[in-house]
Amino acid sequence: MPRPKGSKNRPKTVKATVDFAAQIAEKQAAKEAAAAEIASITANIDALKADLKTKKASLKKLDKELVKLESKKKDAETKAAESAKKAEAEDVLKKLLASGMTADEILAKLK
């Protein structure tokens, strides 16, 4: 039979007493700090959500105003183009009348 390894004469180690109360207090303090940090972050998130909501509403309002202004610009450009065409037609008509053409001849040219 083989011999067991290791000395049988080694000193016995005495287990140190563990201070469970201190460890519990330390973990409790860490837990409270984490809870306070979570509450702070949650409050910050809520404030940011409210700010985001107001910013989105403002953006939506600005988009509506932009669409209105673009349509007004398009209408103004259309009216300006029509008035320019009308003025050009009147100038051509005046030139033709000044050159001695009759109204019937001018209508025939326009068709």
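In which helix does Phe-20 lie?

Guide: Phe-20 lies in helix H1, where helices (H or I, at least four residues) and strands (E, at least two) are DSSP runs, numbered from the N terminus. The model is a predicted one, in which local features need pLDDT of at least 70 and side-chain atom pairs count only at pLDDT 80 or more, while totals for chains, interfaces and linings use all residues. Residues are numbered from 1 along each chain as its sequence is written, and side-chain values use heavy atoms, with hydrogens and water left out.

Phe-20 counts as exposed because its relative accessibility is 56%; buried means under 20% relative accessible area, exposed over 50%, and partly exposed in between (1.4 Å probe, protein chains only). Together with Val-18 and Ile-24, Phe-20 forms a nonpolar surface patch that has about 330 Å² of accessible area. Patches are made of residues with over 30% relative accessible area and no salt bridge, like charges being joined within 9 Å and nonpolar side chains (Val, Leu, Ile, Met, Phe, Trp, Tyr) within 5 Å. A salt bridge is a side-chain nitrogen of Lys or Arg within 4 Å of a carboxyl oxygen of Asp or Glu. Accessible areas come from the Shrake-Rupley method with a 1.4 Å probe; for residues, only the protein chains shown count as cover.

Helix H1 comprises residues 20-98 and also holds Lys-68. With a relative accessibility of 56%, Lys-68 counts as exposed. A surface patch of positive charge gathers Lys-68 with Lys-60, Lys-64 and Lys-72; Lys and Arg count as positive and Asp and Glu as negative, without His or the chain ends. Asp-63 is likewise in helix H1, and its relative accessible area of 42% makes it partly exposed. The C-alpha atoms of Asp-63 and Lys-109 are 48 Å apart in space, and the two residues are 46 apart in sequence.

Asn-9 belongs to the segment before H1 and is exposed, at 72% relative accessible area. Between the C-alpha atoms of Asn-9 and Asp-104 there are 138 Å, for a separation of 95 residues along the chain.

As for the whole, the chain has 2 helices and 0 strands. Its radius of gyration, taken over C-alpha atoms, is 46 Å, well over the 13 Å that the globule rule (2.2 Å times the number of residues to the power 0.38) gives for 111 residues, so the chain is more spread out than a compact globule. The C-alpha trace spans about 140 × 45 × 15 Å along its principal axes, and buried residues make up 1% of the 111 residues.

Terms used. Charge placed at Lys NZ, Arg CZ, Asp CG, Glu CD.
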